[in-house]
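Take a look at the model below.

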Amino acid sequence: MYGYVGKVLRINLTDGKISTEALKEDIAKKFIGARGLGVKYFMDEVDPKVDPLSPENKLVIATGPVTAAPMPTSGRYMVVTKSPLTGTIAISNSGGKWGVKFKNCGYDMAIIEGKADKPVYLYIEDDKIEIKDATPYWGMVSSETDAKLKEAHPGSNVLCIAPAGEKLSPIAAIMNDVDRAAGRGGVGAVQGSKNLKAIVVKGSGSVELPDKEKASAVNKEKVNILKNDPVAGDGLPTYGTAILVNIINENGVHPVKNFQESYTPKADDISGEAMTANCLVRKNPCHRCPIACGRWVKLKDGTECGGPEYETLWSFGSDCGIYDLDAVNEANMLCNEYGLDTISAGATLAAAMELYEKGYIKDEEIAADGLSLKWGDVDAMVKWTEKMGKREGFGDKLALGSYRLCESYGEDAIQYSMTVKKQELPAYDPRGVQGHGITYAVNNRGGCHIKGYMISPEILGVPEKLDRFELEGKPAYAKVFHDLTAVIDSMGMCIFTTFGLGAPDYADIYNAVCGDTYTAESILEAGDRIWTLEKIFNLRAGIDKSQDTLPKRLLEDPIPGGPSEGHVHKLDVLLPEYYAVRGWDENSIPTEATLKKLGLEEYNEILEQFR
């Protein structure tokens with residue numbers, strides 16, 4: 001199998017059994033790899049009603065056919081499981097170099113089952129696989145875990161959880177290469193529930209190609225396209241994703257103080273331009289990435305570490321009423337060290353600040369912590385982040401995420417959790433980007449911006465500029481973005497390549513690596529198949545149409561000022577049309593005809609109970 005290794009690793013932590021099996025070639029071709037392949041295997045093996053933190057849940061770590069291949073951004077892997085945060089399918093993606101090294105060990109995917117009776121880690125060196133005692137490493141932060149395990153296994157790469165995952169925070173991330181995160185959905189808590197501290201890999205293999213010269217030519221062509229794109233070739237390399245701070249703010253969709261406002265005159269203080277001028281050490285690219293959006297920064301005490309993305313600058317910055325770049329850098333570092341999703345962590349703190357402002361959280365509840373929950377308190381924000389990671393004091397409650405935090409103060413307080421399906425929304429106010437709002441509401445993993453990035457056409461003008469307030473045609477456009485990002489995730493590439501590349505380019509890349517004959521149309525259909533399969537899992541897990549919605553504030557309260565003043569999100573208009581273009585009925589159930597078109601007929605009988 002060109003592109004694929006053709007082998008799946010299965011590890012049962014309960015009984016210590018380790019086995020390998022042949023990759024199901026027909027399934028791989030149909031669902032591409034990584035995200036799609038992982039979801040299909042997971043669907044076939046796990047009851048959607050499973051308790052996410054029970055031994056019966058499984059943790060699937062999957063690479064794509066392009067992972068480790070000589071193509072741009074070919075360093076990504078996917079974590080698939082059931083999310084303890086949302087109850088939905090969890091599809092969490094990460095870059096860096098770990099995914100490449102894992103695939104070089106000779107596996108497309110690892111399926112981790114059961115639960116160890118004490119902390120363990122996996123050591124994988126080609127066909128040598130060991131379950132080793134992790135007791136000495138339990139409690140260590142990410143950077144210390146990485147350093148100690150590399151010392152024990154020279155030349156290796158490390159994936160690990162940190163204290164937040166060990167303590168089962170539903171906003172815990174899985175970290176790799178110190179500062180790269182499979183961040184969303186609480187996948188770190190699932191790994192923690194299995195007593196699995198880390199997976200250490202050291203591989204010597206490589207990806208076999210059908211025609212190396214053809215692959216080289218395709219790679220050169222696509223890299224050239226990316227380098228000549230104004231976003232992928234200039235904006236992101238120069239300022240990282242933080243270039244978006246000023247762009248999004250100037251359009252009036254940069255949420256402030258838990259989405260109470262959507263514009264701030266102070267945005268430049270935490271922008272990519274400010275980072276570059278004041279604290280940037282160097283770029284920090286993932287494997288084979290010509291974009292190099294990753295940053296390496298210096299903290300005010302001289303410590304050098306991974307820098308924040310746009311989402312993190314917003315969540316600990318504007319969303320908390322804070323415009324201190326040093327403090328946001330430090331909060332980002334703490335999230336990496338303790339293994340927290342920066343979007344959920346910062347947004348949960350913002351929700352807590354509004355709950356405090358409105359009188360739900362009383363002074364006596366946080367008195368023992370000695371910290372404020374007032375907007376703009378820089379020192380408190382940093383200290384709360386550490387307490388969240390350690391689950392200490394009121395930080396233990398914050399570590400549950402904003403939905404559960406708000407819910408604990410009564411039904412009326414839930415409105416202050418800016419979440420979809422209990423996952424915190426990222427840094428774009430959908431009231432001012434109508435197409436992006438529909439991608440939030442229907443997203444299979446809850447509040448998410450990267451599984452259908454309508455900011456591209458609505459703000460950045462890629463591949464064409466759309467009126468961000470217009471409703472007509474947005475659901476169909478959103479479906480294409482959903483399907484395309486499912487393809488990119490499944491191939492093992494980065495979605496930032498969409499700044500330049502389109503469906504025909506991804507078909508070219510897949511065909512050059514795998515020797516296949518996907519077309520632009522058929523590869524998008526594969527994305528549709530993957531998206532629909534995830535939807536089927538969610539329906540069976542109890543996630544129905546009622547959860548395809550947005551927070552009350554975004555549907556009812558107009559933006560109070562700035563360039564998007566006066567707008568609300570018109571989900572009631574867009575949602576029925578989205579279901580229709582998807583081939584779903586009015587209750588969001590895929591129709592029999594849609595299942596047949598996508599080759600998912602086997603699920604028709606299962607879905608009859610929902611129709």
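This is a predicted model: local features need pLDDT of at least 70, side-chain atom pairs count only at pLDDT 80 or more; totals for chains, interfaces and linings use all residues.

Start with the helix pairs. Two packed helices are described by the angle between their axes and the distance between the axes. Take helix α20, residues 474–491, and helix α24, residues 571–582. They pack at an angle of about 55 degrees, and their axes lie 8 Å apart. That angle makes α20 oblique to α24. The crossing of α20 and α24 is right-handed. Which residues meet here? From α20 come Lys-474, Pro-475, Ala-476, Ala-478, Lys-479, His-482 and Asp-483. Across from them, α24 supplies Leu-574, Glu-577, Tyr-578, Val-581 and Arg-582. Sorted by class, the contact of α20 with α24 holds six nonpolar, one polar and five charged residues.

Now move to helix α21, residues 503–514, and helix α22, residues 520–540. Their axes come within 8 Å and cross at roughly 90 degrees. So α21 is roughly perpendicular to α22. On the α21 side, the contact involves Ala-503, Pro-504, Tyr-506, Ala-507 and Tyr-510. On the α22 side, it involves Ala-520, Ile-523 and Leu-524. By class, the contact of α21 with α22 has eight nonpolar residues, no polar ones and no charged ones.

Next come the loops. Asp-341 sits between α12 (325–338) and α13 (342–357). Is Asp-341 buried or exposed? Its relative accessibility is 5%, so Asp-341 counts as buried. The side chain of Asp-341 has a polar contact, at 3.0 Å, with the side chain of Arg-184. A polar atom of the Asp-341 side chain also lies 3.3 Å from the backbone nitrogen of Ile-343. Set aside neighbours within four places in sequence, and Asp-341 is in contact with Ile-171, Ala-173, Gly-183 and Arg-184.

Asp-585 lies in the loop between α24 and α25 (592–598). At 18% relative accessibility, Asp-585 counts as buried, because the cut-off is under 20%. What does the side chain of Asp-585 reach at 2.8 Å? It is the backbone nitrogen of Asn-587. Leave out residues up to four places away in sequence, and Asp-585 touches Tyr-579, Thr-591 and Arg-611. For a sense of span, look at Thr-385, which is 200 residues from Asp-585 along the chain. The C-alpha atoms of Asp-585 and Thr-385 are separated by 43 Å.

Technical notes. Residues are numbered from 1 along each chain as its sequence is written. Side-chain values use heavy atoms; hydrogens and water are left out. Axes are lines fitted to C-alpha atoms, for helices over the stretch in contact, and angles run from 0 to 180 degrees between N-to-C directions. Helices (H or I, at least four residues) and strands (E, at least two) are DSSP runs, numbered from the N terminus. Angles under 35 degrees count as roughly parallel, over 145 as roughly antiparallel, 65 to 115 as roughly perpendicular and the rest as oblique. A crossing is left-handed if the near helix is turned anticlockwise from the far one by less than a right angle, and right-handed if clockwise. Contact means heavy atoms within 4.5 Å. Ala, Val, Leu, Ile, Met, Phe, Trp, Tyr, Cys and Pro count as nonpolar, Asp, Glu, Lys and Arg as charged, and the others, Gly among them, as polar. Buried means under 20% relative accessible area, exposed over 50%, partly exposed in between (1.4 Å probe, protein chains only). A polar contact is a pair of N or O atoms within 3.5 Å; within protein, one must be able to donate a hydrogen and the other to accept it, and residues adjacent in sequence count only if both atoms are side-chain atoms.
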